[in-house]
Amino acid sequence: MTDVPIQQSPSGSRGRYDWTRAELAELLGDQPRYRVDQVWAGLYTQGGEPAEWTSLSKTLRARLSDELSPSLSLAAESVSDDGDTVKWLWTLHDGRQIETVLMIYPDRATVCVSSQAGCAMACGFCATGQAGFDRHLSTGEIVEQVVRARARAAADGRRLSNVVFMGMGEPFANYDRTWAAVERIHDDLGLGARHLTLSTVGVVPGIRRLAEASLPVNLAVSLHLANDTERNELVPINRRYPLAELADACRDYVEATRRRLSFEWALIHDVNDTDRHARELADYARPLRAHVNLIPLNPTPGYRVRGSSPETVRLFARRLGELGVNATVRRTRGTDIDAACGQLRATHATAPTSGDPTSGGPTPVAVGRRTHG
Ligand code: SAH
């Protein structure tokens, strides 16, 4: 992996958002220098297809359409019944599939992007974890998800304001490509660092690197349990980076960056929603002054346990408050369109494993399907 430039997909292909400015300058070596700026503006300011970049000649547009191929081709799109959540399943050049979710709010829009095709972390309740790891995404494969979502938000009259790395994959297992994507999203798509959130299952070296990073992005840690015995089972990476080590990295991160940390906690019936679990979480989160986001579990085919009832969710949040921890209950979005991590791909898989590159060819657009809701 180390000999592949980070802008390229590990399989060697290069999509249009994988090109650096220097590489584009080389590609356009026969053109006046300002062409590079025009192409860059086409990619990042305008978006869309090279054919639409009318500041360029027809000949050049045709050439760019050939040479700057997109990384993502649409396999399926689902729109929630209320139209506020759009989920895409994309097929990559090698047949791997990833998901992107756009959440539209009255005044803004947030996109949830994938950083890997599949995931090696194997969290029991997560559809992506259940299907296993395919490969890392390239920087361009990540950035293009944001560009596509921005275009869709704009078509709905919304500005894409936030990016969360909470789709498929573990961003800190693909740190360099992910970070290059963060810089591109910040520098070239113009989103503010405070509107970008990296979410990790608790990969300690990634947290330590982020503490030194140049942009003050947000960090979310998917905790789900605050004792090692139970977390080892639900979130296997805990065996490698146990809770004490994770807390040390989180403390150093908060001290170095002065940023607020958040913990994600998917509430699962009897697994992590009892009073004892609330106390363990509070003891863990309080010294770090972490904010807790409670997410009712989205059901997935490979995990038989239910999410907590709305009443339990409410009580758990109140209990955390009494214990001195700030908690927000997140609305689940798009349950009717399989918007939980990895679900859309799992539903669309035709072969035994969804990671099989031959599985899941083009699928008709499905609007408002209700599979797990
Ligand atoms: N690997 C990273 C980012 C991807 S998962 C991480 O673990 O943070 C993004 C978030 O979705 C995580 O908080 C994860 O725990 C959560 N998630 C995964 N499957 C879920 C499900 N079925 N219901 C609710 N949340 C889920």
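User: How are α10 and α11 packed, and at what angle?

Analyst: Two packed helices are described by the angle between their axes and the distance between the axes. Here, helix α10 (residues 275-285) and helix α11 (residues 310-322) pack at about 40°, with axes 10 Å apart. Axes are lines fitted to C-alpha atoms, for helices over the stretch in contact, and angles run from 0 to 180 degrees between N-to-C directions. Helices (H or I, at least four residues) and strands (E, at least two) are DSSP runs, numbered from the N terminus. Oh, and this is a predicted model: local features need pLDDT of at least 70, side-chain atom pairs count only at pLDDT 80 or more, and totals for chains, interfaces and linings use all residues. Residues are numbered from 1 along each chain as its sequence is written.

User: Which residues of α10 and α11 make the contact?

Analyst: Two residues are in contact if their C-beta atoms, placed from the backbone, lie within 7 Å. On the α10 side you'll find D275, A278, L281 and A282; α11 brings F316, R319 and L320. By class, that's five nonpolar, no polar and two charged residues. For the classes, Ala, Val, Leu, Ile, Met, Phe, Trp, Tyr, Cys and Pro count as nonpolar, Asp, Glu, Lys and Arg as charged, and the others, Gly among them, as polar.

User: What about α5 and α6: how do their axes cross?

Analyst: The axes of α5 and helix α6 (residues 175-187) come within 8 Å and cross at roughly 40°. From α5, T139, I142, V143 and V146 meet R177, T178, A180, A181, R184 and I185 of α6. Those divide into six nonpolar, two polar and two charged residues.

User: Is L137 buried or exposed?

Analyst: A residue is buried if 20 or more other C-beta atoms lie within 10 Å of its own, exposed if 12 or fewer, and partly exposed in between, with C-beta atoms placed from the backbone. L137 has 30 such neighbours inside 10 Å, so it counts as buried. You'll find L137 in the loop between β6 (133-136) and α5 (139-155). Leaving out residues up to four places away in sequence, L137 touches I98, S114, S115, Q116, A117, I142, N174 and R177. Take Q116: it is 21 residues from L137 along the chain, yet their C-alpha atoms are separated by 4.8 Å.

User: Which residues come nearest the ligand?

Analyst: Of the 17 residues around the ligand, C126, S199, V201, S222 and E264 come nearest. A residue is near a molecule or strand if its C-beta atom, placed from the backbone, lies within 6 Å of it. Strands β8 (196-200) and β10 (261-267) each supply at least two residues of this shell. By class, the shell has 10 nonpolar, five polar and two charged residues.
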